[in-house]
Amino acid sequence: MQNAQLFVAPGDFTATGDSQKYDSYIADSHIVESRHDAIFAALDGLRVAITVFRPDNTLLYANQHYNYMFASLPHRDRLCGTTYEELIRHELACGEIALSDLADGPEAFVARRLHQLQAMDYHPFDVHLADGRIIEIKARRAGDGTSILLWSDATHARHLLGRLEDAIALSADAFAFWDKSDRLLLCNDAFARLHGYHSEADVTGVTFASLIDEALKRERLTIEGDAAAWLSRRMDAHRAPAGALTVLMSDGTAYLVRERATRDGGSATVYTDVTERHRAESALNEQSNALLRTKRALEKTKSAAKKQTDYLADMTARLDAAEVEADTAKTALLRTMSHELKTPLNAILGFSDLLRSSPGAWKPDQIGEYAGLIHLAGGNLLRLINQILDLTKIAARRYVLNRSVIEANSALYAMADLYNGRADDRHIKLHIASCAPGLCVNADEAALNMMLGHLTENALNFTPPGGTVHLSADANAGQIRFRVEDNGPGVAEEDLARIIEPFEQVARGTDEHESGAGLGLPLVKGLAELHDGSLDIQSAKGEGFSAIVSLPAA
């Protein structure tokens with residue numbers, strides 16, 4: 001586009017005899033033209049496109065990058081004087097616009113583009129091009145009615161944001177990011193639903209203080225003490241550079257909330273569901289309190305028994321012996337549980353501390369490896385806690401059975417589908433014996449699968465490579481007997497009674513195998529007896545191991 005110049009005839013000045021003014025005017029015009037050339041050269045050197053429109057929306061100026069951004073359009077000099085709508089239709093005619101932007105039709109697309117310029121909507125407008133680029137358009141208006149559009153390539157930024165949004169949406173945790181004004185920038189739907197909203201769009205832009213205050217008013221949180229004091233403590237924790245706390249929801253779920261300041265002055269929040277762990281801790285606390293109350297009751301009984309007759313004295317001695325035995329059993333139980341719980345917890349804390357100590361020093365494959373180890377340790381811990389909780393329910397007769405008619409053959413083949421891969425990895429043959437047609441058991445399906453799963457897993461763990469695990473079922477005296485046999489190293493006869501007690505473990509041979517907490521067989525025994533059935537084990541050193549679960553026939 002040619003720069004504007006002023007043309008004045010020499011006679012306009014010489015007619016009045018003022019030729020010096022004419023010479024001065026010519027010099028000033030050259031200075032103005034030089035400045036204009038420098039400004040236009042600077043605008044042409046920008047990596048963004050700039051277009052200037054007159055008050056009637058016709059193009060006054062476009063810099064060189066505009067033609068680079070839309071290579072198929074005519075040269076910018078030829079576009080001057082065309083309206084903004086004509087420019088948009090040029091883009092459509094040249095095939096510059098992606099089909100995704102034209103889903104509602106070309107006219108709807110043109111209307112949206114014109115609305116930004118007419119209404120001076122200061123929100124950026126994204127245009128998706130056919131070659132995959134994403135162009136961000138920002139509109140501003142000068143005081144004289146001139147409009148300026150700034151066109152920049154936002155492809156990389158939008159792709160990064162899209163990947164972040166996809167990753168957050170796929171996460172099982174609830175995520176949220178806050179700007180430096182503590183307003184919600186981005187979150188996943190899990191975070192929105194956790195606070196009583198349908199989707200991210202309903203909560204974006206809300207301040208953290210307003211979000212928590214509204215959650216309290218809706219009674220979505222379970223708090224102790226004064227609400228104002230709790231809210232003050234929650235805000236202090238949120239403003240800290242980094243920290244973690246546990247939040248209880250009104251539906252009984254518990255979340256570990258981790259928060260960290262971001263580099264742009266905002267913060268990030270992550271909610272992780274720790275309901276099972278919280279319940280397990282509560283259950284362990286209840287058990288400890290129950291043991292303490294029992295011990296105090298025994299002490300009172302002992303004190304009163306000393307004042308009785310010789311018969312009562314003899315009973316006191318027996319109670320003393322029982323107390324010593326109970327203390328020994330309690331100590332062994334707590335010691336074993338402490339070890340089994342600390343092992344996965346130490347792994348979780350150790351690897352998470354490694355990642356937290358130098359977050360920028362780890363490669364992606366190292367981060368993936370450590371995250372996998374943390375997940376494995378967490379799964380082992382959850383499994384142990386669930387087993388403890390199941391044993392506690394069984395012992396308290398609070399385990400509810402939902403009985404139904406289950407075909408024995410289907411139950412065995414379900415185990416085969418579940419453990420075939422693991423058997424192949426260990427080079428062990430998993431053999432399923434055919435059952436008689438119509439062989440059905442009256443049992444809780446989840447409990448039956450748990451019992452068969454524990455027995456099959458034990459057999460695979462202790463059978464050496466090249467060995468065989470047999471699964472079978474038959475009818476006997478009104479009961480269905482499920483049998484799991486292996487040809488592993490077996491268990492000495494004197495240890496058979498001990499291994500069905502909780503936290504008791506017996507080495508079977510010298511081969512390496514996956515160790516457990518010693519809860520599998522006790523859990524199978526408890527569930528079988530809850531069905532009015534039984535667990536029988538048969539083994540001898542070097543002669544394999546056989547476990548038989550007998551349950552009522554349907």
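Residues are numbered from 1 along each chain as its sequence is written, and side-chain values use heavy atoms, with hydrogens and water left out. In this predicted model, local features need pLDDT of at least 70 and side-chain atom pairs count only at pLDDT 80 or more, whereas totals for chains, interfaces and linings use all residues.

Five strands form an open, antiparallel sheet in the order E2-E1-E5-E4-E3 (strands are DSSP E runs of at least two residues and helices H or I runs of at least four, numbered from the N terminus; two strands pair if DSSP finds at least two bridges between them). Strand E2 (59–62) and strand E3 (125–128) are the edge strands, each pairing on one side only. Neighbouring strands of the sheet are turned by 25 degrees against each other on average, direction ignored (axes are lines fitted to C-alpha atoms, for helices over the stretch in contact, and angles run from 0 to 180 degrees between N-to-C directions). E3 and strand E4 (residues 134–141) run antiparallel and are joined by four bridges; His128 has Ile134 of E4 as its bridge partner.

Helix H5 (residues 84–93) touches strand E1 (49–53), E2, E4 and strand E5 (147–153), and its direction makes about 25 degrees with that of E5. Helix H6 (residues 106–118) touches E3, E4 and E5, its direction making about 35 degrees with that of E4.

The largest pocket holds about 2400 Å³ of space (a pocket is an open set of points on a 1 Å grid over the protein atoms alone, where a 1.4 Å probe fits, with protein on both sides within 12 Å along at least five of seven lines; lining residues have an atom within 4 Å of a point; the volume is the space filled by probe spheres set on the points, which are joined across faces, edges and corners). Of its 50 lining residues, Asp173, Leu256, Arg258, Thr272 and Ser352 lie nearest the centre of the largest pocket. Elements giving two or more residues to this lining include strand E10 (254–261), helix H12 (310–357) and helix H13 (364–395); H13 provides the largest share, nine residues.

Leu381 lies in H13 and is buried, with a relative accessible area of 8% (buried means under 20% with a 1.4 Å probe, protein chains only). Leu381 and Pro344 are 37 residues apart in sequence and 5.9 Å apart in space, C-alpha to C-alpha. Helix H16 (residues 520–530) is largely enclosed by the rest of the structure, because nine of its eleven residues are buried.

Terms used:
Contact = heavy atoms within 4.5 Å. Buried < 20%, exposed > 50% of the residue type's maximum accessible area, 1.4 Å probe, protein only.
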